[in-house]
Amino acid sequence: MIRVLAIDDEPLALMQLRKMIEMTPYFELVAACTNAFEAVQVLQHEQIDALFTDINMPDLSGIDFVRTLSSSQPIVVFTTAYSQYAIEGYKVNAIDYLLKPFGLPEFQQAAAKVKQQYELKQGAQEKVIMPEESRQEVIDERIEGDILFLKVDYRIVRISIESIRYVESQSEYLRLYMSDGLSHMVLMSITRMAELLPSDRFVRIHRSFIVNMSHVQEIARQRIKMDAETYLPIGDHYKEAVTAFVNHRLVGK
């Protein structure tokens, strides 16, 4: 069970948030607080895995409260009626942002993200026990030919390497964006992933991105266009690699 703490200074909003948490089968509500100072007391005595907190609260805002937490802070989801706080929320590594008034479907989407992040963190803790050499062997054995096996939640998902459109680094995790519109999170460095993916198709274009060049539509102005809505930057350090890849296949010079 994922142990959850809820914070909101509005009684009705806190009651609704509490009900949604209690309706989620993999959540355990540890406490529901009306301000950040109450939450501090809870955190001193209870193990909290996830935090749903309002932002605009008197005395101490939700964002400022999260900033006071240690590096081992819970997974954070902000809830607020003010959309302008979204960017600030993501600066403190919130995993999601719920704009009030939100319903159960929106809450469930955020809860699913919390669950995924929690399971990735649990997996990371388990891997610490395994020697580095053993971890490397496990990763290598899961890649054969054009097939990749990813651990997603409690499942092992088989994917075609060619179906990977691009890879984005998100802190210690990677998100793989697939051609079917889905995405998968995996605990791995982008440097290691670059080593594993075939270099005749995949190019690292930025410190945060690896691209399957088979899925690229256009390259212009130091950006790669993947589709009508997705443009990825080409970092200065990686410009030469992108240019070399393209020039080797360029026609009509």
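Colleague: What share of the contacts in the protein with a separation of 6 or more comes from residues 24 or more positions apart?

Modeller: That share is 50%. Bear in mind that this is a predicted model. A contact here means heavy atoms within 4.5 Å.

Colleague: Okay, and what is the secondary structure made of?

Modeller: The protein has 8 helices and 16 strands. Of its 253 residues, 44% are buried. The exposed surface comes to about 14,400 Å², with 50% of that supplied by carbon and sulfur atoms.

Colleague: Let's pick a residue. Why is V66 called buried?

Modeller: The cut-off for buried is under 20% relative accessible area. V66 has 1% relative accessibility, so it counts as buried. You'll find V66 in helix 3, which covers residues 62-67. V66 and I55 are 11 residues apart in sequence, and their C-alpha atoms are 9.8 Å apart in space.

Colleague: Now R221. Why does that one count as exposed?

Modeller: Exposed means over 50% relative accessible area. R221 has 81% relative accessibility, and therefore counts as exposed. R221 also has a positive phi of about 55°, although it is not a glycine.

Colleague: Then why is Q222 called partly exposed?

Modeller: Partly exposed is the range between the 20% limit for buried and the 50% limit for exposed. Q222 has a relative accessible area of 36%, so it is partly exposed. Q222 has a positive phi too, about 60°, and it is not a glycine either.

Colleague: Where do R221 and Q222 lie?

Modeller: R221 is in the loop between strand 14 (218-220) and strand 15 (223-227). Q222 is in the loop between strand 14 and strand 15 as well.

Colleague: How do you know that strand 14 and strand 15 pair?

Modeller: Pairing takes at least two bridges between the strands, so a count of 3 bridges for strand 14 and strand 15 qualifies. Their sense is antiparallel. One of the bridges joins A220 to its partner R223 in strand 15.

Colleague: And what makes strand 14 and strand 16 edge strands?

Modeller: The open sheet has 3 strands in the order 14-15-16, with antiparallel pairing. Strand 14 and strand 16 (230-233) each have a single partner strand, so one side of each is left without a neighbour in the sheet. Neighbouring strands of this sheet are turned by 25° against each other on average, ignoring direction.

Colleague: One last thing: which sort of peptide bond joins K100 to P101, cis or trans?

Modeller: The bond is cis, with omega near -5°. P101 sits in the loop between strand 5 (96-99) and helix 5 (104-129).

Notes: Residues numbered from 1 in each chain as written. Predicted model: local features only at pLDDT ≥ 70, side-chain atom pairs only at ≥ 80, totals over all residues. Heavy atoms only, no water. Helix = DSSP H or I, 4+ residues; strand = E, 2+ residues; numbered from the N terminus. Buried < 20%, exposed > 50% of the residue type's maximum accessible area, 1.4 Å probe, protein only. Areas by Shrake-Rupley, 256 points an atom, 1.4 Å probe, with all protein chains shown as cover. Axes fitted to C-alpha atoms, helices over the stretch in contact; angles between N-to-C directions.
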